[in-house]
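Me: I would like to go through this model and ask what stands behind each label. Please set the values against the definitions.

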Protein chains: 2
Amino acid sequence: MINISEIAQQAATAAKGLIKLSAEQKNTILNEMAAKLREQQDAILSANKTDVEQARDNGLDAAMIDRLMLTPERIDDMANGLETVAGLDEVVGRERLIGQRPNGLEIKKKTVPLGVICMIYEARPNVTADAAGLCFKSGNAVILRGGKECLNSSLAIAAVMQSVLRQHQVAEAAISVIPDPDRKIVTEMLTLDNWIDLVIPRGGEGLIRYVTKNSQIPVIQHYKGVCHLYVDKAADFDKALSILVNGKTQRPGVCNALEGLLVHKAVAADFLPLAAKALTERGVTLHGCAQTQSFVHDVNLLSESEFGQEYLSLDIAIRVVDDIDQAMAHISKFGSNHTEVICSEDEVAAEVFKHMVDASVVMVNASSRFSDGSELGLGAEIGIATTKLHAYGPMGIESLTTEKYLVCGTGQVRG
Amino acid sequence: MINISEIAQQAATAAKGLIKLSAEQKNTILNEMAAKLREQQDAILSANKTDVEQARDNGLDAAMIDRLMLTPERIDDMANGLETVAGLDEVVGRERLIGQRPNGLEIKKKTVPLGVICMIYEARPNVTADAAGLCFKSGNAVILRGGKECLNSSLAIAAVMQSVLRQHQVAEAAISVIPDPDRKIVTEMLTLDNWIDLVIPRGGEGLIRYVTKNSQIPVIQHYKGVCHLYVDKAADFDKALSILVNGKTQRPGVCNALEGLLVHKAVAADFLPLAAKALTERGVTLHGCAQTQSFVHDVNLLSESEFGQEYLSLDIAIRVVDDIDQAMAHISKFGSNHTEVICSEDEVAAEVFKHMVDASVVMVNASSRFSDGSELGLGAEIGIATTKLHAYGPMGIESLTTEKYLVCGTGQVRG
């Protein structure tokens, strides 16, 4: 078994060196990494071929093999991604004034990298380059642990990126791939809080629970997306219908797709038939409460405990509610703190919803599908947090930094 | 054994209600709590008397009994503390604009409470009122678990605060004291990440390690304070001496006291004798490297591995360094990410130190003793974090909030 403690220590040492790099140096390195990924395409494709063949031998399904497979175009996409990251604003070293104390001390805060970040993800080789690029840009060392099926590809991609680090006298350990797929290594790694500052698992709920349970290192958790649209009595039906259809059908398998529709009883008789038509035309299966059934045919009755499912498919759970309070109570009970949407032209209702609903993204008259780092203007997304510590919601590279205090004086002492 | 899961669930339910309270309502409640603490002083003193008598019977030392004991003045201090918290700026519901997207979506962030916070602390009844006040002000429910020696006092204080909550139709479970000192309850509580959002342990390193190891809930860690003063070759000796004396001797038993002195070799011959005189006059025992011994008598030689101690006493570890890089390397190796100070009139050296040193508070020409929430102007301090996730350094009540995204549109959908 490899020595994960040594990998983590080397990453921590490398992280200390990254604070010395200027924004320009980091961006040059990222752009060179992009160029070199394109240049070394054959080596990467060859490693990927080994992974894909093994995956086929092991009987992986077509969707998994598709995610695993690299092509020249996909390598170019990874390179483009690194160039985009190089073009993002610098997030390290930003200072802001907090205040001046009566004794003359000047108090500021300044952004600093977190240190060492461990990314645990599925068998998607492109995440190797993406995550490494985002961590490097934000001054963090990264330890990458992708699904075992993509190990050869990840090692090949990381080797290219490390070769650029070497050329610039940056410690290669700033980007490490765990070269052994043994799960015991992950379990051991999760105890190394002396060296690793943050773990970001991307994958199913089981993985995230496993990591949380076993980690002594802080974990960014993204459990699931059970997003609702609440159609208020003051909703504009055209907006509501397009937001509903977009949220449910544009890409049903992702976490910011709609899973629930709540409709104010005052508009249910008018809105629900339109909604049902628009959804069923696009192949959506309707589930809902007894009241929903009274307005729309072909609705599968849901018992109370059957609400709150993350379908990730062309299914939706519909409930007629008495008022906004009941809508918010439903969201509080069944939502996943991911994204919740109100459709209303009533500013008071929108304000109440925005203030009261506990979700990482609360939207008014917009599709839940915008709940995404690049759609929100964060430049790139390293993950999305549905728990509240450190980050809540889509995380840009700013989330990979923290702030230290700077205190400047002229010899002040405490009385 | 009490049902901690039920306590946690009730706290979570209570937390959801707190978001409805306006700043004015919260401040009224806090002020009434303060008044009622003074009014109910006899009941609190009587409960405290039981605690103190038990502590004496169990042979607790005088310092612990002193921390445990309440007096009318100390109750008044607690009440004053709540009034101060009532006077702090509101931290919940603050909105800031992130940007407008090309499609017209307006992106904001808005502060929200974390939810349920668990405070674990030593036998200091005043922390019960302080922590409850800070959590309530920031819209969080709190579960309080003080040292078993102060349980009766804590229950009496919380009962007074809860009675005010009741009068205002706020769920009492917003402030809960765990009524059973069994440690197993804490261990079980640390698994309740469905209900509790943050654990803040205050106490020795052993307690914090225990909580971190056993918690599935995020933990704010404050391991220790090994703070250094680096006296640069461009230091003003008067400033350096007063910062040194203040940092080491004003209150040696606290985490922001100085434990180490690093002196640039170019000024060591001049500075160290002055420093040694000032320190030894105040009863400080000097420890240091061989070079230090060559400039000053009566220095206990330290081996490399003996640096980095958290003395919490009138002891200091001194090292002569070749340059600022060596000083920073020493800090990187032996510091605790708490507070690090440079004394220098050279702006370039100060900038390098501020940028490079990884500590939650980095100071220039000021005493480490200012590394404290109220001294930095945070109004009050709920704790200090020496790890980087969520909070780094002294934590004001802002640290008990997070931000959600608000997205406002006019019917936008994703293409």
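Me: What makes S2 and S16 of chain A a pair?
Reply: Two strands pair if DSSP finds at least two bridges between them. Strand S2 (residues 106–113) of chain A and S16(A) have eight bridges, in the antiparallel sense, so they meet the definition. One of the bridges joins Thr111(A) to Glu403(A) in S16(A). The names are those of DSSP runs, numbered from the N terminus: helices (H or I) have at least four residues and strands (E) at least two.

Me: What are these values based on?
Reply: This is a predicted model, in which local features need pLDDT of at least 70 and side-chain atom pairs pLDDT 80 or more, while totals for chains, interfaces and linings use all residues. Residues are numbered from 1 along each chain as its sequence is written, chains are lettered from A and ligands numbered from 1 in the order in which they are written, and side-chain values use heavy atoms, with hydrogens and water left out.

Me: Why is S16(A) called largely enclosed?
Reply: Buried means under 20% relative accessible area, exposed means over 50%, and partly exposed is in between (1.4 Å probe, protein chains only). In S16(A), 10 of the 12 residues are buried, so the strand is largely enclosed by the rest of the structure.

Me: How do you know that S16(A) also pairs with a strand of chain B?
Reply: Strand S16 (residues 401–412) of chain A is joined to S13(B) by five bridges, and the two run parallel. The requirement is at least two bridges, so this is a pair as well. Val407(A) has Met363(B) as its bridge partner, and Cys408(A) has Val364(B).

Me: How many residues are in contact between the two chains, and what counts as contact?
Reply: Contact means heavy atoms within 4.5 Å. By that rule, 69 residues of chain B are in contact with 69 residues of chain A.

Me: What is the area buried between chain B and chain A?
Reply: The area is about 6100 Å², with carbon and sulfur atoms giving 52%. Buried area is the accessible area (1.4 Å probe) that two parts lose on being put together, summed over both. Of the area that chain B buries against chain A, 14% comes from Leu389(B), Tyr405(B) and Arg414(B), more than from any other three residues.

Me: What makes Glu375(A) and Arg414(B) a salt bridge?
Reply: The definition asks for a side-chain nitrogen of Lys or Arg within 4 Å of a carboxyl oxygen of Asp or Glu. For Glu375(A) and Arg414(B) the N to O distance is 3.3 Å, so the pair qualifies. The rule finds two salt bridges across the interface of chain B and chain A.

Me: Which element gives the largest share of the side of chain B that touches chain A?
Reply: S16(B) does, with 11 residues. By class, that side of chain B has 28 nonpolar, 24 polar and 17 charged residues. Here Ala, Val, Leu, Ile, Met, Phe, Trp, Tyr, Cys and Pro count as nonpolar, Asp, Glu, Lys and Arg as charged, and the others, Gly among them, as polar.

Me: Why is Thr212(B) called buried?
Reply: Thr212(B) is in helix H9 of chain B. Its relative accessibility is 5%, so Thr212(B) falls under the 20% limit. Leaving out residues up to four places away in sequence, Thr212(B) touches Asp193(A), Gln216(A), Val219(B), Gln221(B) and Tyr223(B).

Me: What do Glu398(B) and Arg94(B) tie together?
Reply: The closest N and O atoms of this salt bridge are 2.7 Å apart. Glu398(B) is in the loop between S15 and S16 of chain B and Arg94(B) in the loop between helix H5 (72–87) and strand S1 (95–100) of chain B, so the pair ties together parts 304 residues apart in sequence. Glu398(B), at 48%, is partly exposed, and so is Arg94(B), at 33%.

Me: How far apart in helix H9 of chain B are Arg209(B) and Glu205(B)?
Reply: They are four residues apart, which means a separation of about one helical turn. Their closest N and O atoms are 3.2 Å apart, in a salt bridge. Arg209(B) is partly exposed at 35%, and Glu205(B) is partly exposed at 30%.

Me: Why is Glu281(B) called exposed?
Reply: Its relative accessible area is 54%, so Glu281(B) is over the 50% limit.
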